[in-house]
Every structure is written in C-alpha cells, then in structure tokens.
Amino acid sequence: MENEMDLSIARFIREQREREEQEERERLRKQYDPRERITYTLEEMMEGIRSGRQYLYTLLLEFEPKDLLEGRLTVPFIKNFYDVEQNEAGMILLASNARKVVFNVSDAPCTKVKMPLNKWIEQTKEAMKDMHIYIKPGKKAVVGNMEYFCYTAPTSRGRLFNIVFRLKKGGRIYAGNLNCPEEEQKGMGLLLEAMVHVIEEMNR
C-alpha cells in the first residue's frame, strides 16, 4: 500500500514537472515567435505585393504579374511558391501544400444581372449548409469592379479562412477563392486579402 502511494506521489510530481516544462516552452515560443510580435496592415501588404517583394514574418515572398485564363485575367503570382498548378479550360488552380494555401479562379460570360453582395453571401451560406458545412461570414467589401467576403469553415484539414471574390471585366465574371488555415488569418490570410485588392487594380 505504501509503495503504491509512493508511486502515485512520484507520478504526480513527474506530471506536474512536465506540465510546468510545457508551459515554459509555450511561454518562450510566444515570446520569440514573430507571429506574436509582428503585425501588418492591409495597405502594407498591398504595397509590398505591388513592389514585387513582401516579407511574411521571416518568409520573403516575391511577386510578378501573370496572365491566367488565356490572358483574360492578370494576377500577382507568387514566385517559387506553388507546387500544384492546374490550368484547365475556364479554371485555374494554384496550391502550396507546404504553406497550405489554395487559390482557384474561373470565369464565364456575364449573362445575368449580378445579384447584390448580401444576397450572394446568403446564397453561399445556404449552398454550404446543404452540404452540411456551416460557415461564419466575416468581412465583406466592394472595391471597384470587385466584390469579396471572408468566412471560416471546418474541413477535414481543420478550419480554413477563405476569401471569395467576383470580378466583372469585359463582359465576363471571374469568381475566385483563396484560403489558408484559420490560425494564419492575421498573416497569410491578410496577404491573400491584399492579393484580391491588387487583382482588382491589375484588371481595371
């Protein structure tokens, strides 16, 4: 009985020490993690993308204008970033598995009156709900001929932060989606939002 008590006390002491060590590691990680110390604004990100170079914490990203969809749409393309590039008729998919970032865009002739932004958001919510995916819409904006809104949603890879946009240009509607992990929303997510703004500028 005494031995069992001694073992229980020893186990309790060991577990307490492990918890304290874990808390100390987490404290040090936050203290030196650049994501905890560096913040960006949307305007800073946009300016960096326009200039062709933008740091995301310690990661240097370089951008160049690139024509997609047979030259109909120009986007700020991140050099040496995507490991998946699928170019099909009317649809482009770019993905970085390392950074867990996806960018896809498609276009079609604009044959109908574009529905208002709020109705578009509600329609998207209902369509996702039909697939048993419940999204939380957040920021929405109209920028020139571009409209977009942000939302988070659960997936098999964890929660994703999404930016969905639609752009009217030359009698066509361009619909796109950019996403990254929800925990990267203040860094990579903000960069993706800035890219949406720059896409609008490049296609005026």
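Which residues does Phe 103 touch, not counting residues up to four places away in sequence? Its contacts (heavy atoms within 4.5 Å) are Val 75, Tyr 82, Ile 92, Leu 93, Leu 94, Phe 165, Asn 177, Leu 178 and Ile 199.

Before going further, a word on the ground rules. This is a predicted model, where local features need pLDDT of at least 70 and side-chain atom pairs count only at pLDDT 80 or more, while totals for chains, interfaces and linings use all residues. Residues are numbered from 1 along each chain as its sequence is written, and side-chain values use heavy atoms, with hydrogens and water left out.

**The sheet**
- Three strands make an open sheet in the order 1-2-3, with antiparallel pairing; strands pair if DSSP finds at least two bridges between them.
- Strands here are DSSP runs of E with at least two residues, helices are runs of H or I with at least four, and both are numbered from the N terminus.
- Strand 1 (53-56) and strand 3 sit at the edges with a single partner strand each, so one side of each has no neighbour in the sheet.
- From one strand to the next, the twist averages 35°.

**Strands 2 and 3**
- Strand 2 (residues 59-68) runs antiparallel to strand 3, and six bridges join them.
- Leu 68 has Leu 73 as its bridge partner in strand 3, and Glu 64 has Phe 77.
- Four residues lie between the two strands of this hairpin, and Leu 69 takes a positive phi near 50°.

**Burial of strand 3**
- Six of the six residues of strand 3 (residues 73-78) are buried, so the rest of the structure largely encloses this strand; buried means under 20% relative accessible area with a 1.4 Å probe, protein chains only.
- Both faces are covered, with Leu 73, Val 75 and Phe 77 buried on one side and Thr 74, Pro 76 and Ile 78 buried on the other.

**Nonpolar cores**
- A nonpolar core is a set of buried Ala, Val, Leu, Ile, Met, Phe, Trp, Tyr and Cys residues joined through side-chain atoms within 4.5 Å.
- In the largest one, of 43 residues, Phe 103, Val 105, Tyr 148 and Phe 165 touch the most other members.
- Helix 5 (residues 185-202) gives the most to this core, namely nine residues.
- Another core lies apart from it and has nine residues, among them Leu 117, Ile 135, Phe 149 and Ala 153.

Conventions: Buried < 20%, exposed > 50% of the residue type's maximum accessible area, 1.4 Å probe, protein only. Axes fitted to C-alpha atoms, helices over the stretch in contact; angles between N-to-C directions.
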